[in-house]
Amino acid sequence: MPASPKSAPRRRCFRTLKDFNHLKNAVWGVTTRNREQNFAMNLLMDPEVDFVTLTGTAGSGKTLMALASGLTQVLDDRRYTEIIMTRATVSVGEDIGFLPGTEEEKMGPWMGALDDNLEFLAKGDGGNAGEWGRAATNELIRSRIKIKSMNFMRGRTFMNKYVIIDEAQNLTPKQMKTLITRAGPGTKIICMGNLAQIDTPYLTEGSSGLTYAVDKFKGWPHSGHITLARGERSRLADFASEVL
């Protein structure tokens, strides 16, 4: 008599991962510092994975790893044409037209984390090239990164793009669906956030769009989720995360 579906053995597939802890496998000069970061980098660099979610405390390396892997796959591997970066602002869904400048300039006040990480990545790639070399590297990096506001995403389709959604814990499930369904052929989306830092009113860890996405994509073979357990910013930041 055949076994019932409930009693059938569950199968697991194990894969050999690349060791990004080693300097020879550095991604845009960045090496991973712990097991979870290594798992995350494998997902970020895998062309068969279209959707990656990363959660973790401040300083766990989410933005740095996403940018480093994006730059490598855009500039070195030519897998994607450019990096599209957006984030949930505190006033997500509200008009940003009162700020002066272009769409990218209006997003500037919320993109401090991007600037910090780009400064680190540009330094690492052109560290021995002198001032002109560093300026050229920085210009090349910025030419392949576009900053977009979520307010103008509806109706768009991104083809062959590497899309980074930062502060995704502040999105509602409906906003998350709107963003993910913008993906066209050859596009990869990375959603990052810290569920302990939800700023949007009426959203909780359970109702956040980031939680919703992690749950709905669970089991899909072209997606992956990693919770980064440890901060790697500094001993001060690590201690503050624990006690404050």
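Helix 2 (62-76) and helix 4 (112-125) each contribute at least two residues to the lining of the second largest pocket, where helices (H or I, at least four residues) and strands (E, at least two) are DSSP runs numbered from the N terminus. The model is a predicted one, in which local features need pLDDT of at least 70 and side-chain atom pairs count only at pLDDT 80 or more, while totals for chains, interfaces and linings use all residues. Residues are numbered from 1 along each chain as its sequence is written, and side-chain values use heavy atoms, with hydrogens and water left out.

**The two pockets**

A pocket is an open set of points on a 1 Å grid over the protein atoms alone, where a 1.4 Å probe fits, with protein on both sides within 12 Å along at least five of seven lines; lining residues have an atom within 4 Å of a point. Grid points are joined across faces, edges and corners, and a volume is the space filled by probe spheres set on the points.

| Largest | about 830 Å³ | R15, L43, P221, S223 and G224 |

The largest pocket receives two or more lining residues from each of helix 1 (35-45), strand 1 (51-56) and strand 6 (223-228). Its lining divides into 15 nonpolar, 7 polar and 4 charged residues, whereas the lining of the second largest pocket has 6 nonpolar, 13 polar and 7 charged residues. In this division Ala, Val, Leu, Ile, Met, Phe, Trp, Tyr, Cys and Pro count as nonpolar, Asp, Glu, Lys and Arg as charged, and the others, Gly among them, as polar.

**Overall arrangement**

The protein has 8 helices and 6 strands, which follow one another from the N terminus as α-β-α-β-α-α-α-β-β-α-β-α-β-α. Of its 244 residues, 45% count as buried, that is, under 20% relative accessible area with a 1.4 Å probe and protein chains only. Among contacts (heavy atoms within 4.5 Å) between residues at least 6 apart in sequence, 75% join residues at least 24 apart.

At the start of helix 1, a side-chain oxygen of N34 comes within 3.2 Å of the backbone nitrogen of E36.

In helix 6 (residues 173-180), the buried residues are M176, T178, L179 and I180, and what covers them includes strand 1, strand 4 (161-166), strand 5 (188-193) and helix 7 (209-216).

F51 lies in strand 1 and is buried, with a relative accessible area of 4%. Not counting residues up to four places away in sequence, F51 touches I180, I189, C191, A213, F217, W220, H222, S223 and G224. F51 and I180 are 129 residues apart along the chain, yet their C-alpha atoms are separated by 8.8 Å.

T53, which also belongs to strand 1, is buried with a relative accessible area of 1%. Its side chain makes a polar contact (a pair of N or O atoms within 3.5 Å, one able to donate a hydrogen and the other to accept it, with residues adjacent in sequence counting only if both atoms are side-chain atoms) with the side chain of H225, at 2.9 Å. Leaving aside neighbours within four places in sequence, T53 is in contact with C191, L210, V214, G224, H225 and I226.

Note on methods:
Buried means under 20% relative accessible area, exposed over 50%, partly exposed in between (1.4 Å probe, protein chains only).
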